[in-house]
Amino acid sequence: MRSGLAGGWKPCTDLLPLDFLSRVLPAGGMALSGVRMVQDQGARGLQFMAPHQALSFPASQLFINCDYFPEEFSIVTTLKISRIASKKNEYLFSVVEEDSNSLLLGLRYSQDKLHFLFSNYRKRKRISFRSMRLADNQWHTLILAVSGYYASLTVDCGMPIDLFFDKPFPSSLSTKGSRFYIGNRRRWKGLFSGLLRQLVLLPGSDATSRICPSLHPQLAILSVPQALLDLPAKPSGNEVLKYPYEAELRVTVGSRPPCTKMEMGQLWFDTLKRGLYTCDSRDWIAMFQEKERLDYVEDYQDLYTNSETLDIEVFEIPSVGLFVATANRKHYPGSGIYKWTNGKFEPYQYITTYEAQAWKHFTVDDKVFLVIANFKKNERNQEHSVIYIWSQRKLKFIVYQTLETHGARDWEAFHIEGETFLAVANHIQGDNHNIQSVIYKWNPATQLFEANQTISTSGAYDWEFFTVGPFSFLAVANTFNGISTHIDSKIYVWFGGKFQHFQSITTDGATDWEVFKIGDRIFLAVANSQKYDEAGPGSYAINSTIYELNMTAQLFVKFQDITTYRISAVDWEFFTLGEDKFLVVANSFDGTSFSVNSVIYRWQGYEGFVPVHRLPTFGCKDWEYFSSTEGSYLIYSSAKEPRSKVLKLKTY
């Protein structure tokens with residue numbers, strides 16, 4: 001809270017979070033009439049069916065030492081709103097004089113605004129934060145801090161929005177004879193229709209520093225009722241079930257549905273395996289059965305391609321199916337797209353490419369895209385890469401947009417604050433490796449990607465986007481600066497509307513970054529391929545390294561060297577099977593042969609990652625993990641023969 005903005009404040013309460021929801025919920029987990037407990041996207045909230053008298057309490061319960069509302073305070077709320085009609089307002093809470101029904105203070109929202117209302121010497125004042133767009137069916141945590149002439153609103157631990165008003169918040173707003181109403185304004189009109197998970201008053205302090213930064217900013221916690229944090233306790237004997245609120249839960253039956261943040265906490269019943277699964281926002285986790293453990297890996301399918309394959313991309317199109325796209329060296333008939341049919345990948349479509357290096361699948365709104373990184377020029381001597389869009393009418397990918405690139409090695413697609421970006425790794429222009437890579441931004445008006453930022457790179461090979469709490473990062477694998485492969489790869493952080501340098505890490509011919517999380521720990525693994533300097537090709541006797549984010553130092557520090565000694569490592573893939581975490585490395589060349597073993601490593605906690613399976617591969621360039629109703633699989637591409645392989649993970 002800003003200092004010097006207001007004075008003379010006398011505490012009416014202890015400087016502790018005052019949890020409004022806990023005050024209206026019955027003790028001991030008993031149900032409250034007109035209130036439903038709803039679980040959505042992995043979190044629980046309360047839904048109010050009527051402006052029940054029990055959803056209120058006298059202000060005297062809070063303001064014991066005196067009757068005045070704090071002059072400085074924060075209000076913290078976590079909510080989820082599906083939709084709201086235009087011109088309609090709904091109250092999160094209100095303070096109303098019981099005798100006159102006059103509103104003393106309230107927090108309400110409309111379709112795209114948040115309003116804070118208060119009485120100042122019997123005149124109604126309103127502070128409005130515009131363009132909020134809260135009714136998007138997502139969880140959001142809001143922190144409203146008020147002090148003197150200022151009000152500050154922080155959404156999901158992002159950048160605060162500050163407003164200034166002509167008269168300060170009153171230092172003598174009496175609450176005598178008034179009552180707090182939760183989710184309403186003492187009447188049906190304005191009843192809150194969304195889900196409310198947290199509603200807290202913190203007198204005398206700005207609460208932002210207490211809960212931000214957070215690993216889960218949309219669900220950042222200051223004080224949440226225990227009933228919304230606990231799973232229902234299983235009764236013993238003839239005891240009553242604790243927290244007997246009604247819970248809303250959707251169950252999908254049939255083939256594998258998508259599992260994203262939108263489906264978090266939902267259930268899927270697999271009619272083939274007769275298993276029940278829950279979505280954790282990324283994967284479907286089995287319930288009510290023994291945990292899967294990796295036993296061994298078996299050869300499952302030879303995927304014959306038009307030529308050598310430098311990259312593979314596995315993706316799913318809702319209501320259409322599972323696909324894999326192969327980035328093939330020869331431009332004709334080009335790179336292939338294969339569809340998973342009856343437990344195998346079958347040819348589906350061919351696209352002309354020019355020494356294709358990598359595919360990337362992404363979506364914008366309900367549109368499905370694939371972008372290819374072309375390394376060579378086309379027949380018209382143009383250096384370009386192409387974005388393709390899925391045509392619902394033709395049921396295939398068609399050309400959507402062409403972008404100028406220079407020896408493109410990789411594309412990365414990502415979203416920041418509701419906007420979509422594409423980053424290209426430009427590797428070489430002519431004989432120059434020290435060139436600009438470009439970040440493009442989707443323009444909703446033109447429906448095209450437009451250049452947004454350039455970043456200097458040295459033989460860029462790979463981009464990797466990731467988030468830590470409210471912060472967005474982009475890591476580039478720099479491979480070669482024209483003289484040496486022993487150079488810095490760099491990590492950038494999104495700040496002030498662009499990516500800015502965060503950290504440099506020295507690498508040796510880095511070709512891939514892989515980010516993954518284990519619990520609350522965040523790791524970055526780099527694939528080092530080769531040492532090379534002015535003297536010529538050097539040794540392959542190098543290791544690849546896993547780095548861990550040190551929250552205190554705010555830097556990535558070395559966690560573990562992985563022995564890729566005397567072998568060129570070019571790709572990492574992280575995956576989870578049951579409760580086990582794995583990393584598989586693509587080992588490509590040992591200096592004399594492309595017939596080398598790639599290795600699966602298992603997470604062993606204190607021991608780090610340890611090798612558990614060695615897989616014979618030939619010129620292995622890329623690994624991808626995927627699962628279907630038939631089981632879990634790994635697929636790898638070969639850069640030295642027109643055959644990739646699908647391997648099945650056998651479990652017990």
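1. Tyr636 has a relative accessibility of 3% in this predicted model, so the residue counts as buried.

2. By the distance rule for ring centres, the aromatic pairs number 62. One of them joins Phe93 and Phe180: the ring centres lie 6.4 Å apart and the planes meet at 15 degrees, so this pair is stacked. Phe93 belongs to strand S6 (residues 90–97) and Phe180 to strand S13 (residues 178–182), so the contact ties together parts 87 residues apart in sequence. Both Phe93 and Phe180 are buried.

3. For Trp623 and Tyr636 the ring centres are 5.2 Å apart and the planes stand at 50 degrees, so the pair is tilted. Trp623 sits in strand S46 (residues 620–628) and Tyr636 in strand S47 (residues 631–638), 13 residues apart, and the pair links distant parts of the chain.

4. Phe93 and Phe180 also belong to one aromatic cluster, whose members include Phe20, Phe57, Phe116 and Phe165. Elsewhere, Lys344 lies over the face of Tyr300, at 4.2 Å from the ring centre.

5. An open sheet is formed by 4 strands in the order S32-S33-S34-S35, with antiparallel pairing. Its edge strands are S32 (460–468) and S35, each of which pairs on one side only. On average, neighbouring strands of this sheet are turned by 20 degrees against each other, direction ignored.

6. Within that sheet, strand S34 (residues 486–495) and strand S35 (residues 498–508) are joined by 10 bridges and run antiparallel. His486 stands opposite Asp508 in S35. The hairpin of S34 and S35 has 2 residues between the strands, and Gly496 there takes a positive phi near 65 degrees. On the other pairing, 4 bridges join S33 (residues 471–478) to S34, again antiparallel; Leu474 stands opposite Tyr492 in S34.

7. Gly605 is placed in the loop between strand S44 (595–603) and strand S45 (609–618). Its relative accessibility is 25%, so Gly605 counts as partly exposed. The C-alpha atom of Gly605 is 9.9 Å from that of Lys581, a residue 24 positions away along the chain.

8. For the chain as a whole, the secondary structure comes to 3 helices and 48 strands. Of the 652 residues, 55% are buried. Among contacts with a separation of 6 or more, 51% are between residues 24 or more positions apart. The chain exposes about 29,300 Å², and carbon and sulfur atoms supply 48% of that area.

Terms used
Residues are numbered from 1 along each chain as its sequence is written. This is a predicted model: local features need pLDDT of at least 70, side-chain atom pairs count only at pLDDT 80 or more; totals for chains, interfaces and linings use all residues. Side-chain values use heavy atoms; hydrogens and water are left out. Buried means under 20% relative accessible area, exposed over 50%, partly exposed in between (1.4 Å probe, protein chains only). Contact means heavy atoms within 4.5 Å. Accessible areas come from the Shrake-Rupley method with a 1.4 Å probe; for residues, only the protein chains shown count as cover. Two strands pair if DSSP finds at least two bridges between them. Axes are lines fitted to C-alpha atoms, for helices over the stretch in contact, and angles run from 0 to 180 degrees between N-to-C directions. Rings of Phe, Tyr and Trp (its six-membered ring) pair if their centres lie within 6.5 Å; planes under 30 degrees apart count as stacked, over 60 as edge-to-face and the rest as tilted. A charge sits over a ring if NZ of Lys or CZ of Arg is within 6 Å of the ring centre and within 35 degrees of the ring normal.
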